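Subject: Model for your files

Hello,

Here is the model we discussed handing over.

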There are 2 protein chains.
Amino acid sequence: MILIKIGGGKKINLDYICEDIKTLINQGEKIVLVHGASVVRDEIAERLGSPTKTITSPTGISSVYTNKEAIDIFLMTYSGLVNKKIVAKLQFYGVNAVGLSGIDGQLWKGKRKKAVYSQEGKKIKLISDNMTGKVTEINVNLINLLLDNKYLPVVCPPALSEESKIINTDNDWAVAVMAGALKIEKMVVLFEAPGLLKKFCDESSLIKTVDKNKIDKYLIYAQGRMKKKLLGAKEAFRLGLKKIYWSDGRIKNPIINTLKGVGTIIS
Amino acid sequence: MILIKIGGGKKINLDYICEDIKTLINQGEKIVLVHGASVVRDEIAERLGSPTKTITSPTGISSVYTNKEAIDIFLMTYSGLVNKKIVAKLQFYGVNAVGLSGIDGQLWKGKRKKAVYSQEGKKIKLISDNMTGKVTEINVNLINLLLDNKYLPVVCPPALSEESKIINTDNDWAVAVMAGALKIEKMVVLFEAPGLLKKFCDESSLIKTVDKNKIDKYLIYAQGRMKKKLLGAKEAFRLGLKKIYWSDGRIKNPIINTLKGVGTIIS
């Protein structure tokens, strides 16, 4: 079983990804797809007059400030617009996809953080209306039920809290927990870069291999979202994953090539 | 098995509906839920600067003009915002709901209308970019797979065309086809009125019973959307349905009371 994570960037080529998924399924592979939608979310948020706000924790990790309006925009763009367009495209390529959010069937369950702290200059502010949390539990039965009946699950946030509230969640962390729960051995992560880069924006500075036991050493190369991806990777290995492929979602045969060694391999 | 259809009005009380669903499930009943989201769709469309446009066919049936932007708004509001909020609310009441659009697993498949005609004053205009169609096929296996595994399917448009394009579809017609395919005997339709009214807006003019063989006779009482609901009902009976309950989605115990005779019964 391969877990594929697609980033939310606009240059990601969904047709190339769907073609590869079709090929792999024809070869008998089982696939679970998880996707982002951050760029579309930010665009719609802007158009609705509620632009996405980011907060930075005192430890330097940035995340989206998620109040009720942000949750609504999240539902609209992740579970609605982007999820269903990916499902329709997979259907077009002959793959019987079913889109699910973390809410559906309690697929992604987590604990809501009661209080979140935000570093604003030298001040630390307490934010209490933030609807976020970390995924801790996966409904493995629902995923396997779909896979066993030849459906490809297309999964996205948000998640469901223990009190059945809708919560935003770190996608990379949720994917790691999912990889552990599903006993995934291979995970492919596709984004708008050839892999992990030594120099930000310099695509020739690709790091070909990363030792899974030395992920912390690479955090200095990771800009913005990449930091979270590395922390997610670390958690996924802790939960039993064997190999992560980080690769370019913009090029032809993005999945098949990365499984052959194109991109960054963490193992 | 009961098929429940909830209208897209804002006064519909979801808590009351969820409470009844929980009670019925505890009694061993299997339930499939289909919902609308027209009011939320219109609000978001307005906020996005693309207000919903309606076209009227030369035969007097009105429908939403659905170009690409309208499909996006459809996905955001039906499959995203409203579907997931209903699923989360059902989860809150202890019902393990899974939300699906007609696209997922090809749940609702239809034929896209190549050309739609719109009556504008005395002129008839041909509209070619309208992404609409009628549902003709239901993936009964997916619904039964979920029901057999104790999940409650929460279904909404859009549907998928034969060419795997996303199409808007008449919800009441789709529900009728679904009732036929699932061999449903009882269907409950909840909206913002006590049932079919003889005088529009006069809630005391409730029609208690309608003969399923004389539905056409009642078309004169049906304003706007109600006309489509009656036509959908006619099709559902043609496909084998035995009884339809039209009732008030705003009151306490809306489903349990209507099954006891409150509202309009068509049979």
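The notes below go from the whole assembly to single residues.

The model is predicted, not experimental.

Overall layout

UniProt, in an unreviewed entry, places the feature "domain: Aspartate/glutamate/uridylate kinase" at residues 2–240 of chain A. Over that stretch the chain is 36% helix and 25% strand, and its end C-alpha atoms lie 14 Å apart.

Chain A superposes on chain B by a rotation of 180° with 0.0 Å of shift along the axis, at an RMSD of 0.0 Å. This is therefore the relation of a two-fold axis. Both copies use the same surface, since 100% of the contact residues of chain A recur in chain B.

The contact between the chains

Chain A gives 28 residues to the contact and chain B gives 28 residues. On the chain A side, α3 and β5 (97–101) each supply at least two residues. The largest share, 12 residues, comes from α3(A). Sorted by class, the side of chain A that touches chain B has 13 nonpolar, 11 polar and 4 charged residues.

Helix α3 of chain A

Of the 25 residues of α3(A), 21 are buried, so the helix is mostly covered. After the helix comes A:Gly94, with a positive phi near 85°.

As a reminder when looking along the helix: an α-helix has 3.6 residues a turn, so residues three or four places apart point the same way.

Backbone points to check

In chain A it runs from A:Pro157 to A:Pro158, with omega near 0°, and A:Pro158 sits in the loop between β10 (152–156) and β11 (159–161). In chain B a cis bond joins B:Pro157 and B:Pro158, with omega about 0°; B:Pro158 is placed in the loop between β10 (152–156) and β11 (159–161) of chain B.

Two residues other than glycine have a positive phi and are listed here.

- A:Cys201 has phi near 75°. The residue is in the loop between β13 (186–191) and β14 (209–210) of chain A. A:Cys201 counts as exposed because it has 8 C-beta neighbours inside 10 Å, and the cut-off for exposed is 12 or fewer.
- B:Ser164 has phi of about 60°. The residue is in the loop between β11 and β12 (166–167) of chain B. With 17 other C-beta atoms within 10 Å, B:Ser164 is partly exposed.

A:Ser38 lies in helix α2 (residues 38–47) of chain A. A:Ser38 has 18 C-beta neighbours inside 10 Å and so counts as partly exposed. Which residue 28 places away along the chain has its C-alpha atom 9.3 Å from that of A:Ser38? That residue is A:Lys10.

Regards

Technical notes:
Residues are numbered from 1 along each chain as its sequence is written. Chains are lettered from A and ligands numbered from 1 in the order in which they are written. This is a predicted model: local features need pLDDT of at least 70, side-chain atom pairs count only at pLDDT 80 or more; totals for chains, interfaces and linings use all residues. UniProt positions are given in the numbering used here, feature names are shortened, and annotations may be inferred rather than shown by experiment. Helices (H or I, at least four residues) and strands (E, at least two) are DSSP runs, numbered from the N terminus. Copies are superposed by least squares on the C-alpha atoms of residues with pLDDT of at least 70 in both. Two residues are in contact if their C-beta atoms, placed from the backbone, lie within 7 Å. A residue is buried if 20 or more other C-beta atoms lie within 10 Å of its own, exposed if 12 or fewer, and partly exposed in between; C-beta atoms are placed from the backbone. Ala, Val, Leu, Ile, Met, Phe, Trp, Tyr, Cys and Pro count as nonpolar, Asp, Glu, Lys and Arg as charged, and the others, Gly among them, as polar.
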